[in-house]
Amino acid sequence: MEKNKKTEHTILKILDAAMNEFGKNGYSGGTVNNICNTGINKGLLYHNFKGKDDIYLACLKQSCQKLLDYIMQQGGTENPENYLSARMSFFNDYPNEAHIFFEALLTPPLHLSDKIGQMLSEFNALNERMYDCTLDSLILRDEVSRDDAVSYFHLMQLMLNGYFSSPAFQNTDLSEKVKIHEMIVPKLLNYMLYGIAKGEKSNDNN
């Protein structure tokens, strides 16, 4: 039992150092040497993790779980405003987790894309539950089926993430990118559900 506790403590210490490293420098800038320079024994690190990829994925898994737990503690997905507010609060309060999460979401290391996609699947499912709860409170237009609405939601997610992954944001600090992303999401959802026009302008000049 004592050995298990020691191993658990070692893993937590490595992950804590790795969260700081990848949170500040991202996957490409983060290194095992920098993690070990915080007082981590390199032999112990490689005894518990296969290498940089393994540690990075462990940090992403921890970030995702922490985000999901936080959202559920704040009321889950039933109220979209509360849900989006909880997301924003989490990303403000936990910058390392926010940076790791958004890097994985928007610009993942290509060779880890499949594994990252699997880790993000629960977050994507949470988004869908929020959207389902929103649709339950709406009367859709006659020509719009629920499947159409869900497909459109998926399309808008892909377009938004593609926009933030584009050259338009290549020189934007990740913290600022997270902030802008989370400010746009509620507006985009509102426009998507309720439109942008009050109605047509009158042609009556009298």
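User: Which exposed residues are carried by the face of α5 turned away from its buried side?

Analyst: First, this is a predicted model: local features need pLDDT of at least 70, side-chain atom pairs count only at pLDDT 80 or more, and totals for chains, interfaces and linings use all residues. Residues are numbered from 1 along each chain as its sequence is written, and side-chain values use heavy atoms, leaving out hydrogens and water. Exposed means over 50% relative accessible area, buried means under 20%, and partly exposed is in between (1.4 Å probe, protein chains only). On the face of α5 turned away from its buried side, the exposed residues are E81, N92 and D93.

User: Okay, zooming out: how many helices are there in the protein?

Analyst: Helices (H or I, at least four residues) and strands (E, at least two) are DSSP runs, numbered from the N terminus. Read from that end, the elements go α-α-α-α-α-α-α-α-α. With zero strands in the protein, the number of helices is nine.

User: What percentage of the residues count as buried?

Analyst: Along its principal axes, the C-alpha trace spans about 80 × 40 × 30 Å. The protein has 206 residues, and the part of them that counts as buried is 37%.

User: What share of the contacts with a separation of 6 or more comes from residues 24 or more positions apart?

Analyst: A contact here means heavy atoms within 4.5 Å. Taking the contacts with a separation of 6 or more, residues 24 or more positions apart account for 67%.

User: Back to α5. How far does the helix reach from its first C-alpha to its last?

Analyst: Helix α5 covers residues 80-93, which is 14 residues. The expected span is 1.5 Å times one less than the number of residues. For α5 that expectation is 20 Å, and the helix comes close to it, reaching 20 Å.

User: Within what arc do the buried residues of α5 fall?

Analyst: The buried residues are Y83, L84, A86, R87, F90 and F91. Looking down the axis of α5, they line one face of the helix, because they fall within an arc of 155°. That arc is taken from the directions from the helix axis to the C-beta atoms. The value, again, is 155°.

User: And which helices do those buried residues pack against?

Analyst: The partners lie on both sides of α5 in the numbering, starting with α4 at residues 52-73.

User: Which residues do salt bridges with shared partners join into one network?

Analyst: Start with R146 and D136, whose side chains meet in a salt bridge (2.9 Å, N to O). R146 is partly exposed at 35% relative accessible area, whereas D136 is exposed at 57%. Through shared partners, the network joins D132, D136 and R146.

User: Which residues does N127 touch, not counting those up to four places away in sequence?

Analyst: N127 is found in helix α7. N127 is buried, with a relative accessible area of 5%. Leaving out residues up to four places away in sequence, N127 touches Y83, R87, F153 and Q157.

User: What is the separation between the C-alpha atoms of F49 and I14?

Analyst: F49 is in the loop between α3 (42-48) and α4, and it is buried at 8% relative accessible area. Its contacts include I11, I14 and L15, along with D54, I55 and A58. F49 and I14 are 35 residues apart along the chain, and their C-alpha atoms are separated by 9.4 Å.

User: Last one: how many disulfides are there?

Analyst: A disulfide is a pair of cysteine sulfur atoms within 2.5 Å. Take C64, which counts as buried at 6%: the closest cysteine sulfur, in C59, is 11 Å away, so that is too far for a bond. By this rule, the count of disulfides is zero.

Definitions and conventions: Salt bridge = Lys/Arg side-chain N within 4 Å of Asp/Glu carboxyl O.
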